[in-house]
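This briefing goes through one protein model, from the whole chain down to single residues. Keep the sequence and the 3D view open while reading.

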Amino acid sequence: VSQNTALEYLGCGGNQLISLDVSQNTALESLSCGLNQLTSLDVSENIALELLYCYNTQLTSLDLSQNTALERLWCYENQLTCLNLANGNNINFIGLQFRAYDNPNLTCIEVDDYAWSTANWTAVDSQVSFSKDCNNDCSNISSLNELTTSKNLIQILDLMGRETSFKPNTPLIHVYDDGSTEKVFSLEY
């Protein structure tokens with residue numbers, strides 16, 4: 001498809017594709033390539049991309065930081081260890097159009113606003129947290145960050161993203177001053 005530079009929609013899901021080059025398809029708005037054997041996918045040149053369905057492939061890393069029009073992402077059932085969604089457009093995702101569950105090695109997703117993402121994007125595995133800096137291979141950090149060895153709790157949220165105080169036997173989200181979040185459940189008898 002590299003010669004089809006005006007291509008806006010590509011549906012190639014359910015094949016045995018092991019590679020896909022869409023770098024020349026700069027007008028691409030919708031890419032559905034799930035149910036393939038892809039181990040990598042570069043959509044950094046596809047800045048008009050609004051929809052990306054790359055579920056049930058073999059992806060280990062996905063950098064969507066250049067995809068500022070993205071509103072729908074299904075990247076569930078992969079082998080992701082790195083997912084960067086810090087693109088300035090997270091709040092424009094439509095309804096439940098973000099799905100990243102069944103990625104057993106994914107622990108951190110880089111986002112624009114970790115509190116908003118924690119409250120609104122629930123289709124993730126329990127070990128996943130959201131952060132502005134996951135410090136991994138697909139992070140887009142242009143400056144050096146000061147090394148800190150401790151973090152301070154600055155906010156406690158319920159699962160709806162509302163600020164609350166500590167409550168035993170209730171799932172809570174702890175927000176720390178380093179931008180990290182942690183899902184917490186304290187059991188009391």
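A residue counts as buried when its relative accessible area is under 20%, as exposed when that area is over 50%, and as partly exposed in between. Leu 35 has a relative accessible area of 41%, so Leu 35 is partly exposed. The model is predicted, and the points below are grouped by topic.

**The whole protein**

- Along the sequence, the elements follow the pattern β-β-β-β-β-β-β-β-α-β-β-β-β.
- The protein has 189 residues, and a compact globule with that number would have a radius of gyration near 16 Å; the value for the protein is 18 Å, which agrees.
- Along the principal axes, the C-alpha atoms fill a box of roughly 60 × 40 × 25 Å.
- Of the 189 residues, 42% count as buried.
- Among contacts with a separation of 6 or more, 27% are between residues 24 or more positions apart.

**Surface and charge**

- The accessible surface of the protein is about 10100 Å², and carbon and sulfur atoms account for 47% of that surface.
- The protein carries 7 positive and 23 negative charges.
- The mean positions of these positive and negative charges lie 11 Å apart.

**The parallel sheet**

- Strands of a sheet pair through backbone hydrogen bonds, in either a parallel or an antiparallel sense.
- Five strands make up an open sheet with parallel pairing, in the order β1-β2-β3-β5-β7.
- The edge strands of this sheet are β1 (9-11) and β7 (98-99), and each of them pairs on one side only.
- Three bridges join β1 to strand β2 (residues 30-32), in the parallel sense.
- At the level of residues, Gly 11 has Ser 32 in β2 as its bridge partner.

- Is β11 mostly covered or uncovered? Five of its five residues are buried, and β11 is described as mostly covered.
- The cover is on both faces of β11: Leu 172, His 174 and Tyr 176 are buried on one side, and Ile 173 and Val 175 are buried on the other.
- Strand β10 (residues 153-157) runs antiparallel to β11, and four bridges join the two.
- Ile 156 has His 174 in β11 as its bridge partner.
- β11 and β12 also pair in the antiparallel sense, over four bridges.
- Val 175 has Thr 181 in β12 as its bridge partner.
- β11 and β12 form a hairpin with four residues between them.
- In the turn of this hairpin, Gly 179 has a positive phi of about 95°.

- Ser 180 lies in the loop between β11 (172-176) and β12 (181-184).
- Why does Ser 180 count as buried? Its relative accessibility is 15%, and the cut-off for buried is under 20%.
- Leaving out residues up to four places away in sequence, Ser 180 touches Phe 130, Ser 131, Lys 151, His 174 and Val 175.
- Two of these contacts, His 174 and Val 175, are also buried residues of β11.

- Gln 79 is placed in the loop between β5 (72-74) and β6 (82-84).
- The relative accessible area of Gln 79 is 33%, so Gln 79 is partly exposed.
- Which residues does Gln 79 contact, leaving aside its neighbours within four places in sequence? They are Gln 58, Leu 59, Thr 60, Asn 103, Pro 104 and Asn 105.
- Thr 57 is 22 residues from Gln 79 in sequence, and their C-alpha atoms are 8.0 Å apart in space.

- Leu 35 has a positive phi, near 60°, and is a residue other than glycine.
- The place of Leu 35 is the loop between β2 and β3 (51-53).
- Asn 56 is not a glycine either, and has a positive phi of about 55°.
- Asn 56 lies in the loop between β3 and β4 (61-63).
- Asn 56 has 30% relative accessibility and therefore counts as partly exposed.

Conventions:
Residues numbered from 1 in each chain as written. Predicted model: local features only at pLDDT ≥ 70, side-chain atom pairs only at ≥ 80, totals over all residues. Heavy atoms only, no water. Rg over C-alpha atoms; globule rule 2.2 N^0.38 Å. Buried < 20%, exposed > 50% of the residue type's maximum accessible area, 1.4 Å probe, protein only. Contact = heavy atoms within 4.5 Å. Areas by Shrake-Rupley, 256 points an atom, 1.4 Å probe, with all protein chains shown as cover. Lys, Arg positive; Asp, Glu negative; His and termini not counted. Charge placed at Lys NZ, Arg CZ, Asp CG, Glu CD. Pairing = 2+ DSSP bridges.
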